Amino acid sequence: MKVLVTGASGFLGYHVCNFFIERCVPVTGTWLTSPPRIRGGSWVRCNLTDESAVRALVQALCPTHIIHAAAEANTSRCQGNPIRACWANVFATHYLISAACALPQPPHFVYISTDLVFDGTKGNYQEDDLPNPIMVYGQTKR
C-alpha cells in the first residue's frame with residue numbers, strides 16, 4: 001500500500017494521514033499554504049489546480065490509494081469567489097482522477113464530499129438521496 005492524501009494540512013487530511021502513519025502505511029500528503037505538522041509521512045507542496053503538477057506527482061508516486069480531502073471548504077470564500085471555488089473543488093478533482101486513470105494500475109480513489117450537497121430541508125440524508133446544493137461550496141462538491 002502507498003497512499004496519497006490531498007489536503008494533509010487540513011483537519012480531515014491531517015487525521016487521515018495520522019491513521020495511516022499509526023499503522024506504518026507509507027503515506028504522502030499534499031499541502032498548498034501550510035505544511036502539515038505530522039511526523040512519519042512525507043509531504044509535498046502541490047497546487048492541485050496545476051494539471052501538469054498533479055500529473056507529475058501522481059506518476060512519480062504511483063500510489064495504490066488516493067484520498068482526496070483537499071478542498072476550498074470555506075463557504076464564505078466560495079460564495080465570494082465561485083470561480084476560485086470551481087478551480088479548487090472541481091478542476092483539481094478532475095486532474096487527480098485523470099492522472100490516476102493514466103497509471104498502469106489505477107489506484108483506489110476516495111473522494112471526500114460534504115452534506116452541503118443537500119439543501120437541508122429533509123435531514124438524515126442517505127447516499128442515494130438527490131442532491132440539491134444551495135451554496136457555491138455544495139455545488140462545486142457535487
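Me: Thanks. Is Arg55 buried, partly exposed or exposed?
Reply: Arg55 is partly exposed, because its relative accessible area is 36%. Buried means under 20% relative accessible area, exposed means over 50%, and partly exposed lies in between (1.4 Å probe, protein chains only). Please note that this is a predicted model, in which local features need pLDDT of at least 70 and side-chain atom pairs count only at pLDDT 80 or more, while totals for chains, interfaces and linings use all residues. Residues are numbered from 1 along each chain as its sequence is written, and side-chain values use heavy atoms, with hydrogens and water left out.

Me: Which side chain does Arg55 meet in a salt bridge?
Reply: The side chain of Arg55 meets that of Glu51, at 3.9 Å from N to O. A salt bridge is a side-chain nitrogen of Lys or Arg within 4 Å of a carboxyl oxygen of Asp or Glu. The two residues are four apart in helix H2, so about one helical turn separates them. Helices (H or I, at least four residues) and strands (E, at least two) are DSSP runs, numbered from the N terminus.

Me: How many salt bridges does the structure hold?
Reply: It holds five. One of them pairs the side chains of Arg84 and Glu72, at 3.4 Å from N to O. Arg84 lies in helix H4 and Glu72 in the loop between S4 and H3, so this pair ties together parts 12 residues apart in sequence.

Me: Is Glu72 buried or exposed?
Reply: Glu72 is buried, because its relative accessible area is 7%. Arg84, by contrast, is partly exposed at 45%.

Me: Changing topic, where does H4 bend?
Reply: H4 bends by about 30° at Phe91. The bend is the angle between axes fitted to the seven residues ending there and the seven starting there. The helix covers residues 82–101. Its buried residues include Ala92, Tyr95 and Leu96.

Me: And what about the largest nonpolar core: how many residues has it?
Reply: It has 14 residues, and Leu48 and Leu96 are among those with the most contacts inside it. Such a core is a set of buried Ala, Val, Leu, Ile, Met, Phe, Trp, Tyr and Cys residues joined through side-chain atoms within 4.5 Å. H4 gives the largest share of this core, five residues.

How values were computed: Expected span 1.5 Å × (residues − 1).
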